[in-house]
Amino acid sequence: MPLLLTQYGENFLLVTNSDDDFDSIAEGYDFFAAITGAKPIVRLPAPEDTSSTGALVEVLATVGKGATAMASIKTFTTPLNCGKGGQLNSILIKKGDEQSREELIKKLLAFGYKHTALVIDKGECSLRNYILDLYPVSRDNPIRIEFFGDEVDSIREFSVETQRTTRTLDEIPIFPLIFTGNSTGGHSSLIELFDVSRIFFLATSAPEGRAFLAGLQSATPVTVLSDTTFDPTGVDAGSLPLNGLGVLPEERASVSEFPPAVSALLNKGNRVMIVSATKAQGERLKDIFLESDITAPVIKREDAANYEGNLSITAGTLNEGLFIDGLIVLTETEIFGEVQRHMTRKKPGISNIFKILEELKPGDYIVHFDHGIGIFEGLRQQTAEDFVYDMLIIRYADDARLYVPISSINLIKKYWAEEGVLPHLDKLGGKTWQRAKCRAKKRIEILAEKLIAHYAEREVSRGFALSPDGPLHAEFDDFFPYEATADQITAAMEIKKDMESDKPMDRLLCGDVGYGKTEVAMRAAFKAIFDGRQVAVLVPTTILCEQHYLNFKERFSPFPVKVDYISRFKVKAKADETLKRLAKGEIDIIIGTQSLLRKDLDIPALGLLVIDEEHRFGVAQKERIKELKTGVHCLTLSATPIPRTLQMSLSGIWKMSTIETAPELRQSVRTNISVFDRQVVKEALQRELQRGGQVFFVHNRIKDIDKIAAMVKGLVGDKKVAVGHGQMNNADLEEIMLGFIKKKIDVLVSTSIIGSGIDIPTANTIIINRADTMGLADLYQLRGRVGRSNLKAYAYFFIPGEDLISADSKKRLTAIQELSYLGAGLRLALKDMEIRGAGNMLGAEQSGHIHALGFDTYMEMLEEEISRLKGIPIEKEQEPSIDLKIEAHIPEGYVGDVSVRLNFYRRIAHAKEEADIFDLEDEIIDRFGKLPAAAETLFNLMRVRLLCKKIRAASVKLLTGKIQVQFFEEGADILTRMVTEHKKYEHKLRFLPSGFEVMLKGIGTDEVPRLLIGLFKAVAG
């Protein structure tokens, strides 16, 4: 079909039934257009969310009416927010133009934009005095517009991650976010935006498309395209089937049989062109042909039309081959079976993820290091001696309140503990907090010793240093049937480097569901096997064990590697035989569930232990895992690591590699949360089944799962429905799972056993009943079962009603909906830490102390104790006392959002260098405009504070007509030097036994911070 369309010489509009066949046809058209010289086709994505809306707006705004285009039937029939005649509504903002800020906000809201405190997503805007931030739907980055009165003073693009300016612009067009609803300009249909000579409908989109055109009374000619002749007026394009030619994977035993099959086709007078995803893959195919003494040159795609040979290889994107009139085009699908490609996406920085978790909101539990646990009530401006100060208010037991100056914000942390745990408020001035810290400290000392001993043992113990990679390793890597992502390559290099050391590796590989962690583990496994070592892969479920076994067996099939498995799917006699062969060294890779943790298990040459989703193993199992890890390289795989794993990795106790690159064409899963409704369930099932897909229906209660399955069966008619759960007979469960994998089953009604690792690209809808009863990581893993191809995927989370679920359930469901974008697994793990905290983090015996202190305080004390035991000196900074009776704060009218203001206060307080202060000052000016006097003074006082630490000044105090500076004992040498060289200083000084005074004759109070900055810099030398 794509080749046929390139032969049509005039402009046309192609309408597909759904987005699923949209990309396949468009890519095929682009490939053949590059060869034939046909006009490029413009893709019009469906306006379903802000990202796709932005892409559609951008296309409509930039292409002319004389374009050849394609759209789904949904896009084709959607009313567009345009003026009649197809003129897209827009606002053009230019530097130097007069533009009322209030009127502009009204227009943006009418365009569907949402007003927020912080702009991070498309379709959001935020007005702060003379600064307007907005994220146009048609741009990759948000825009910051600064006004001078009502004049546009500057237009700047900025980064979502840093909120800082990245470049300046002279003008910016803003297009509407929504495509339905009221619009003063009226609505247009898509057909009005293009001058086309013909509309092509796919057969499945034709009935709805024709009905829509009839309503418009459009006279544009229509042609319907189909894979088969569907009525007497149809014309056969002459294409022939590829099956039966001997080239398809199911028609041959291995890739080595592919070149002879192609040679046979050439001998029959056919011309064959092979399309590889990349040039590197093309070179690999060329080598495969050379092994059979067949020459298959790699040529440029644009040279293909004039190439005179009968066999060639070219790089390009084509999803399926064709056979027409002596020309056979074969793609990687015909050579290797279903494959997937990857593209690089922007990665969220881990440091920026933590900023989200640091946000404090009124009502949050909070921990003050000296006074204990209270409730944060917000910021309040207090007036003292005619000066305004921002103070944090913390409510303690007996309704007592503590007012904490912003300068002491570094003593405060947000309280996290286990889900459902509400801490007791401490009494101000009471002894409960100090007693809790003392009790925890004793337990922490014991725990730290254990941790140090465990990791020290791994540091000093000697494992097996593997040899560097050679040609065979490269050959194994090249056999990967699609292009590895940059993240996969980096992670594999990091892991292999660890394995070449005789220190046992202990590394976490964190990557979202379906991002290719298993491939990286396979490369590590090959490295171990190459040096004569065995590999054990530990998985949490029998189903995942089965799938890993099939995947490993296929991946290692071209190499002399023995792969086997052990799980409850395998009968005892065969399992015993497997264990005997394993003990004799006859098995290279053993994959198993907790059966691998048997005490009598013997793996004589174990070199690598791979643990998939370690958070799904219990405490006793983890103890056995520790025994297995002794002297062995260990690689842990996880999409949503538990807080303990994450904390150990981020704090450097474990090493961590991350894969944050999404597969190419893969889309985020559309997530819907609603009260259970049979009609919604029916529509969800029908949508997926009508496009030839499969559905997971998760009901996590075995006692009534058959009743649910009967209900589903009643909704899908003649479609095949099956039930699967962990209490079934092993053989029956295995048969059902394999049946679903092989598409013999349309809807699988199961418990959450399908939550880990199952990879079925044709299953792209999941329905989860009573989602409120499941944990956040479980929900994320379940949702990750769909969306593993280039098709749009859907997840439905059903609940009994908002008033019937707990507050924590609401938090979980809100988080899972918010974290629906690709690559959200690591961020979700951090969010999970916020919701359920660290109850299991370091063992049950530590839970009470974590509850009593909060996660942050507990971890801070633990890390201090670990440092002490390691002999690493812990430098406790001595905080100077600064009392200059001067107004220094961030005015509420300048930064209105309390959380954003607190975030700045916290970051200022944690600044270590003057450069950090300057950077923060630049950022706040960039985001909010010129600094008010009080904010400018705040930044100067923070510089004074840093300089005090540098010269070891203990206090700076404003007295009548002078400033008094006192030193800590450690600052005595600086004071001695000052006394000797005081004539160098511009200001009149009076020396005291432990400090000095600066006379302020003729100097105003507002000039004091700058005076001190200059003086202290001179003192510091």
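Mentor: Gladly! Isoleucine 566 stands opposite glycine 592, which belongs to β29. Strand β29 covers residues 589-592 and runs parallel to β28, the two being joined by four bridges. Strands here are DSSP E runs of at least two residues, helices are H or I runs of at least four, and both are numbered from the N terminus. Two strands are said to pair when DSSP finds at least two bridges between them.

Keep in mind that this is a predicted model, in which local features need pLDDT of at least 70 and side-chain atom pairs count only at pLDDT 80 or more, while totals for chains, interfaces and linings use all residues. Residues are numbered from 1 along each chain as its sequence is written, and side-chain values use heavy atoms, with hydrogens and water left out.

Now step back to the sheet. Seven strands form an open sheet with parallel pairing, in the order β28-β29-β27-β30-β31-β26-β32. At its edges are β28 (563-566) and β32 (655-659), each of which pairs on one side only. On average, neighbouring strands in this sheet are turned by 20 degrees against each other, direction ignored. Packed on the sheet is helix α15 (residues 542-555), which touches β27 (534-538), β28, β29 and β30 (606-612). Touching, like contact, means heavy atoms within 4.5 Å. The direction of α15 makes about 175 degrees with that of β28; such angles run from 0 to 180 degrees between N-to-C directions, with axes fitted to C-alpha atoms, for helices over the stretch in contact.

Phenylalanine 201 has valine 224 in β15 as its bridge partner.

Next come the cores. A nonpolar core is a set of buried Ala, Val, Leu, Ile, Met, Phe, Trp, Tyr and Cys residues joined through side-chain atoms within 4.5 Å. Buried means under 20% relative accessible area, exposed over 50%, and partly exposed in between, using a 1.4 Å probe and protein chains only. The largest core has 60 residues, and those with the most contacts inside it are Leu392, Ile924, Ile963, Phe996, Leu1012 and Phe1016. Helix α29 (residues 933-951) supplies the largest share of this core, ten residues. A second, separate core has 36 residues, including Ala491, Ile529, Ile589 and Ile591.

Helix α29 also has a helical partner. Its axis and that of α27 (residues 898-909) come within 10 Å and cross at roughly 25 degrees. The two helices therefore count as roughly parallel, a label for angles under 35 degrees; over 145 is roughly antiparallel, 65 to 115 roughly perpendicular, and the rest oblique. Tyr905, Ile908 and Ala909 of α27 meet Leu938, Phe939, Met942 and Arg945 of α29. By class, this contact has six nonpolar, no polar and one charged residues. Nonpolar covers Ala, Val, Leu, Ile, Met, Phe, Trp, Tyr, Cys and Pro, charged covers Asp, Glu, Lys and Arg, and the others, Gly among them, are polar.

Beyond α29, arginine 952 lies in the loop between α29 and β40 (953-959). Arginine 952 has a positive phi near 60 degrees without being a glycine, and it is partly exposed at 29% relative accessible area.

Beyond its neighbours within four places in sequence, leucine 392 contacts several residues, among them Phe376, Leu402, Ile406 and Leu902. Phenylalanine 376 sits in strand β22 (residues 372-384) and is buried, with a relative accessible area of 0%.
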